[in-house]
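Subject: Structure handover

Hello,

Here is the structure for your files. My notes on what was found follow below it.

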Amino acid sequence: MAAVAASIPPQWYLLLAAGVFSIGLFGILTRSDALYFLMSVELMMNAANINFVAFSLYYGDLTGQVFALFVIALAAAEVAIGIGIILVLYRNFGNIDVTVPTEMRW
Amino acid sequence: MVDAFAYVPAVVLLPFFSFLVALGAGKYLPKGGAFGGIAATAGSFLLSLWIAATVAGGRAYNETLYTWAGGDQFELTFGALVDPLSALMLVIVTLVALLVHVFSLGYMNDEGETGLPRYYAGLGLFTASMLGFVVADNLLMAFMFFELVGLCSYLLIGFHFREPGPPSAAKKAFLVTRFGDYFFLVGVVAVFATFGTAAFAGEGSFPALAEAALAADGGAGVWTPGGLDVGTWFTVVGLLVLGGVVGKSAQFPLHTWLPDAMEGPTPVSALIHAATMVAAGVYLVARMYGFYALTPTTLAVIAFIGGFTALFAATMGVVKDELKQVLAYSTISQYGYMMLALGAGGYVAAVFHLTTHAFFKALLFLGAGSVIIAMHHNEDMWDMGGLRSRMPVTYYTFLAGSLALAGIFPFAGFWSKDEVLYEALVHGLNEPLLLGGYVMGLLAVPVTAFYTFRMVFLTFHGEPRTDLAEDPEPVRWNVKGPLTVLGTLAVVTGFINMVPVQKVLGLEGIDYLHRWLDNEWGGIAGLSSHHYADIGPYSSGSLVGGEVGTVLVGAAVSLGLALAGLGLAWRLYNVASPAEHTAKLGGIKDVLYNNYYLDELQVWIAYRTEDVAGGADVFDQGIIDGVVNGVSSVSLAGGSRVRRIQTGLVSQYAAMLTLGLIALLVLVGVNGGWFL
């Protein structure tokens, strides 16, 4: 398995990561539902994880994998906070559309 | 052994604390904070006595306590200078302030005035500023406290701010003295620029440097503008500082604020005239006398202004109808005498007259305050009369003060005024300008005696002319107490310096004030009357019969003139129902009554210079403020445009983040040469 993964050139991993990241970014820029935001952010983080693991494999260095684990833990924490924000959003505005609360403008 | 000099700041700070207490908590305290003020001034008085005793023990104090701005060229500091002169002044100021506080219990509290915390706060700050001024060890610090004194006078003269008169009088006092202070400020800057220091005493003080510069040929070591001659430049600097003195000490032509300042409460008038504000000017000249003694022209100007003011103000006092107005003009006149003495090289005489005047003028004002209480705040002397038997304590103390003011032997004023005139005479025999000052000072003597006793006779003698005078309101201990203390002092203060007696009888060593100011007990080198006489420009002459003859003739002439004035007042006004004799003066009366139309002249000058003031206003509002406002409105307008990017929509923030990232990438890429 590892041999198969190692035999794939690193460019492909990078292309995959860039694609996943762009999907996440596209979600953030176009969607107005807060839950989609959360999921899009998750995609962008995992794009970064793919890069970490791919380079870790390529260089034979475990540091990248350790960082991927850190990012997963960070993502979990971020989701916890994000869900909390969304709950408050729902309580105050009756829905979770991020274009509705604009009180923080000038 | 605790050092008295460690408590010099406390002397200043105690009244300042009473100011804070009266301001912050006055309305919760009994008597509106009066007791705090009394305790503070009493404390300061005791400390001052202790300090004076230490100075008498042969020590002096000249320390920099705090440097609030230091640089390569100048150091701006607060310090304390205690020598015989400032120790004497500390005692005078704190004593008069204490008595004024006590008197205020009777004049303000018992009369049911409102706003008492404000009043006592003002008194406290006034006393504190004056004490700070007295102990100041450099000219800049003196200037700052000088200004504080002016501010306090503004606050206290305008105490009854709901009536129309006092606020306008307060404004006038502030503006007129500010006009003089403007020159003083320029003078302070000039002193710094010339000498690099403004210290009063010590090796590197500016009088010492000035002396050294004049001794060295060509004025080495000091800066003068455009290579001006040192002596000329020193004269200019001296005259600039003198501007502040003329304003504060109410000398011609800036005396006009003082009679109007009578709108303030009477105890405040006593404080202003006897110990604080007006005394500040004369004290300043005495403080830096080591500098003034070097410039003969300045001295001559001081003497001439002083002599002229003495006579000029005395003539106006003759026709006034209100008790306090007469006293106001007498104050201007008496300070004229002090200036005459200073200008004539009579440093000790000036300080002597300052001392005796502080006591008898405080006494006269407090006595007038007592009469005003009794007369339910009617000040017109023509409504009084016959108060002698109805208020004996006030009468006898007031009489003592009046005899002192008129210069009748052996009251305090006789000794000091006689010495002032003697100094002017012996030095003036070789100096025409001084002799002119002396003649005017001498002519003012009978006028002074006349208006003083016109006031006494109209107020206390004869028959009561109104129902109010028939049945005056009684005054309490808090009025009689200070009067008694000051009345005693007005009688005995003259005995500290009986120079004529010493000279005529050949007794040695009874001129205590001379010895005190000559550092005989202790002091700072270079600040003694002997030193001033050495560097001063005058030599003594004498009339027939040598020194003794001159003393006797001088004293006899001034006493004779004073008695003549008194006698005239006696003849005209010491009758059962006196009439106004001023009508006989004809047109002169109107001129005198309207103060020689000087107020009108000042208003006229103010209107003539309206365009200049208007131009300055346009420049200030248009150019200076325009630049400042322009800068702020540009950033305000810019801000209100730029803030619109804060839409509050989180999607747009994300888009901007992305765009920013792309822009950065492109920038880095172009710089890195990716696209080539």
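**A lysine in chain B**

Leaving aside residues up to four places away in sequence, Lys361(B) touches His273(B), Leu327(B), Ser330(B), Thr331(B) and Gln334(B). Please keep in mind that this is a predicted model. Lys361(B) sits in helix α15 (residues 347–374) of chain B. Is Lys361(B) buried or exposed? Lys361(B) counts as buried because its relative accessibility is 0%, and the cut-off for buried is under 20%.

**Where the two chains meet**

The size of an interface is often given as the accessible area lost when the parts come together. Between chain B and chain A, the buried area is about 960 Å², and carbon and sulfur atoms give 68% of that area. On each side the contact involves twelve residues: twelve of chain B are in contact with twelve of chain A.

How many salt bridges are there between chain B and chain A? The count is zero. On the side of chain B that touches chain A, five residues are nonpolar, five are polar and two are charged.

**Confidence in chain A**

Chain A has a mean pLDDT of 89, and 96% of its residues reach 70 or more. Among the elements of chain A, the lowest mean pLDDT, 72, belongs to helix α1 (residues 2–7) of chain A. The highest, 93, belongs to helix α4 (residues 63–93) of chain A.

Regards

Definitions and conventions: Residues are numbered from 1 along each chain as its sequence is written. Chains are lettered from A and ligands numbered from 1 in the order in which they are written. This is a predicted model: local features need pLDDT of at least 70, side-chain atom pairs count only at pLDDT 80 or more; totals for chains, interfaces and linings use all residues. Side-chain values use heavy atoms; hydrogens and water are left out. Contact means heavy atoms within 4.5 Å. Buried area is the accessible area (1.4 Å probe) that two parts lose on being put together, summed over both. A salt bridge is a side-chain nitrogen of Lys or Arg within 4 Å of a carboxyl oxygen of Asp or Glu. Ala, Val, Leu, Ile, Met, Phe, Trp, Tyr, Cys and Pro count as nonpolar, Asp, Glu, Lys and Arg as charged, and the others, Gly among them, as polar. pLDDT is the predictor's confidence in each residue, from 0 to 100. Helices (H or I, at least four residues) and strands (E, at least two) are DSSP runs, numbered from the N terminus. Buried means under 20% relative accessible area, exposed over 50%, partly exposed in between (1.4 Å probe, protein chains only).
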